[in-house]
Amino acid sequence: MNVDDIYATLYSPADGCLDPSTYVSALSRACVMMGGRISTETSVTGIDTEVIRGRRRVTGVQTNKGLIKTEKVINCTGAWAPYISEMAGVDCPLVPFRHAYVVTEDIPGIENMPNVRDHDLSVYLRLQGNGLSIGGYEPHPDMLPDGVAKDFAFGLYELDWDTFAFNIEHCMKRLPIIEETGLKSTVCGPESFTPDHKPLLGETLDCRGFYQGCGFNSSGIMLAGGAGRELANMAVEAPPLSICSDTM
């Protein structure tokens with residue numbers, strides 16, 4: 001690793017990685033065990049609201065399988081959150097981007113390398129098997145101003161190499177061996193970003209009972225536990241356990 005231009009680093013030995021599929025599966029099982037119900041292949045077609053004592057409030061959710069009467073809705077639909085917000089008459093300052101990473105071929109001796117996040121070069125390198133997942137945040141990202149298609153699910157986009165070249169070049173600066181290492185695969189999907197790079201979290205002012213839990217700026221898995229806890233407390237009208245907006 002090239003460290004000639006590094007003044008200082010922060011090492012966090014307790015950090016680790018989660019497999020998203022396994023994580024979601026564990027949460028789903030726990031939800032059912034605690035009495036929750038998960039409805040798959042159920043699309044939201046509308047949010048019912050009415051004005052009660054001078055304020056607009058949620059009264060139900062329309063789906064392709066019928067009406068769900070409820071006074072509270074938590075919008076955790078990621079890049080699709082603006083569509084759901086619009087149904088409730090709520091603004092959602094979130095823009096989806098095409099966000100990508102690539103996986104390299106095996107790199108001899110890389111096995112014990114820690115995950116690296118270089119904020120100056122705006123890139124990250126994460127161990128994946130005997131290779132690396134590399135990516136970053138380009139100064140001119142590939143935005144999706146018209147949003148993600150409503151029927152887009154479990155799919156990927158073609159990687160725009162002209163845009164992603166920024167990340168490759170900066171990763172090579174930090175780890176020169178990448179220049180002579182082949183690529184095994186590419187992943188490019190929709191990710192949602194907010195203007196201040198902080199998540200949208202909590203009840204909206206425009207519609208009581210409508211909560212946002214989206215706009216995690218590519219940190220969804222990392223922030224999910226704390227954000228979920230805070231949202232749950234807000235929804236049952238208990239005081240938040242901590243002030244998390246500044247730290248997130």
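**Aromatic rings and charges**

Modeller: Let's start with Y124, which counts as buried because its relative accessibility is 17% (buried means under 20% relative accessible area, exposed over 50%, partly exposed in between, with a 1.4 Å probe and protein chains only).
Biologist: Is F193 buried or exposed?
Modeller: F193 is at 9% relative accessibility, so F193 counts as buried.
Biologist: Before we go on, what sort of model is this?
Modeller: This is a predicted model, where local features need pLDDT of at least 70, side-chain atom pairs count only at pLDDT 80 or more, and totals for chains, interfaces and linings use all residues. Residues are numbered from 1 along each chain as its sequence is written, and side-chain values use heavy atoms, with hydrogens and water left out.
Biologist: OK, how many aromatic pairs are there?
Modeller: The count comes to 5 aromatic pairs; rings of Phe, Tyr and Trp (its six-membered ring) pair if their centres lie within 6.5 Å, and planes under 30 degrees apart count as stacked, over 60 as edge-to-face and the rest as tilted.
Biologist: Why is the pair of Y124 and Y137 tilted?
Modeller: Their planes are at 55°, with the ring centres 6.3 Å apart, so the pair is tilted.
Biologist: And Y137 with F193, what's that pair?
Modeller: Those planes are at 80° and the centres 6.3 Å apart, so that pair is edge-to-face.
Biologist: Which residues do ring pairs link into a cluster?
Modeller: F97, Y124, Y137 and F193.
Biologist: New topic: what lies over the face of Y157?
Modeller: R98 does, at 4.5 Å from the ring centre (the rule is NZ of Lys or CZ of Arg within 6 Å of the ring centre and within 35 degrees of the ring normal).
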